[in-house]
Amino acid sequence: MFLSALAVAMPQLTPVVPPVEVVTEQQRPPTPAVVAETPPPVVQIPPAPEPVVPGEDVVVTARDTRGDPAAAINAVSFDATQAVDDALIGPMSRAYTSALPRPVRDGVRNFLGNLREPIVAVNYLLQLKPGKAAETLGRFAINTTIGVAGFVDIAKRKPFHLPRRRNSFANTLALYGVKPGPFFFLPLIGATTLRDLIGSSIDQAMVPISSVPPLSDRTVAAAISGFSLLSYRADIDKTLKDVRAAPDPYAARRKAYLNRRQAEIDAIRGRKASAPRESVGEFPPSPLVP
């Protein structure tokens with residue numbers, strides 16, 4: 001009886017399970033995507049500009065090295081020669097100018113110029129200008145005799161009227177189409193070009209003035225070279241001051257030399273009345289002159 005009563009009561013003791021809600025894939029809320037964190041960009045701050053000092057201008061210049069393949073070596077030689085000139089040649093030249101009156105200095109210049117007259121005459125012959133060659137030889141004869149060995153330029157006065165002209169074998173080469181070639185600044189010669197260097201050597205070989213007595217004496221030759229150097233340096237003093245005041249003294253010296261040489265060649269060709277006074281062709285190349 002007890003079991004019967006228990007059996008009747010069991011259904012009432014069965015636990016009630018709540019219904020389970022089934023969620024389909026379509027109903028499931030989307031899972032939020034995981035976004036990777038991107039590092040912030042690196043900002044490069046440019047360096048602060050250099051402060052500009054009032055009154056100072058930055059000038060960038062480019063040196064024209066056409067026709068000057070040895071520009072670096074030439075510039076070093078120019079600086080060294082200029083240092084020698086500042087310390088020795090320049091002061092000696094100024095002392096020479098102060099010590100000797102102008103007539104004496106002009107006499108020295110005339111004497112040195114007269115020594116080159118045979119070279120000038122020979123080159124006029126090579127340039128097929130016999131008239132000017134004859135005039136030059138006439139100047140040489142007159143000044144060497146009446147002009148006291150050339151110290152007095154009698155030939156340019158009345159009744160002769162024979163002006164002194166400049167000429168050289170370098171000019172002869174130029175008239176026949178030889179280009180100047182590379183520019184050089186040599187320690188014992190100064191500014192020159194390959195054509196001028198060759199021409200100067202040939203001038204001395206054609207007319208070896210130094211082999212004629214008394215010029216062949218070493219003491220006399222040394223004295224003449226010294227006076228030639230000082231006279232030449234005194235003549236170009238103003239030009240050198242202008243060159244050294246330029247932003248690039250070496251480039252200015254090179255330009256001045258090439259312009260003077262071209263002016264002299266133009267004078268030989270008859271394109272201009274005369275070459276500049278400081279022309280290197282007027283006297284033999286002087287050593288140690290920047």
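In helix α3, the buried residues are Arg105, Gly107, Val108, Arg109, Asn110, Phe111, Leu112, Gly113, Asn114 and Leu115. Buried means under 20% relative accessible area, exposed means over 50%, and partly exposed lies in between (1.4 Å probe, protein chains only). Helices here are DSSP runs (H or I, at least four residues), numbered from the N terminus.

This is a predicted model: local features need pLDDT of at least 70, side-chain atom pairs count only at pLDDT 80 or more, and totals for chains, interfaces and linings use all residues. Residues are numbered from 1 along each chain as its sequence is written, and side-chain values use heavy atoms, with hydrogens and water left out.

Stay with α3. This helix covers residues 102-115, 14 residues in total. From first C-alpha to last it reaches 20 Å, close to the 20 Å expected at 1.5 Å a residue. That expected span is 1.5 Å times one less than the number of residues. Because 10 of its 14 residues are buried, α3 is largely enclosed by the rest of the structure. Its buried residues pack against α2 (71-99), α4 (117-126), α5 (130-145) and α8 (218-235). Contact here means heavy atoms within 4.5 Å.

Now look at α2, which holds Asp85. Asp85 has a relative accessible area of 0%, so Asp85 is buried. Its side chain makes a polar contact with the side chain of Arg233, at 2.8 Å. A polar contact is a pair of N or O atoms within 3.5 Å; within protein, one must be able to donate a hydrogen and the other to accept it, and residues adjacent in sequence count only if both atoms are side-chain atoms.

Next comes the loop between α5 and α6 (169-175), where Pro159 lies. Most residues other than glycine have a negative phi, and most peptide bonds are trans. Lys158 and Pro159 are joined by a cis peptide bond, with omega about 0 degrees. Val148 is also in the loop between α5 and α6. Its phi is positive, near 55 degrees. Val148 counts as exposed because its relative accessibility is 54%. Ala149 lies in the loop between α5 and α6 too. Its phi is near 60 degrees, again positive. At 35% relative accessibility, Ala149 counts as partly exposed.

Finally, turn to α9 and α10. Thr239, Leu240, Val243 and Arg244 in α9 meet Pro249, Ala252, Arg253 and Arg260 in α10.

How values were computed. Helices (H or I, at least four residues) and strands (E, at least two) are DSSP runs, numbered from the N terminus.
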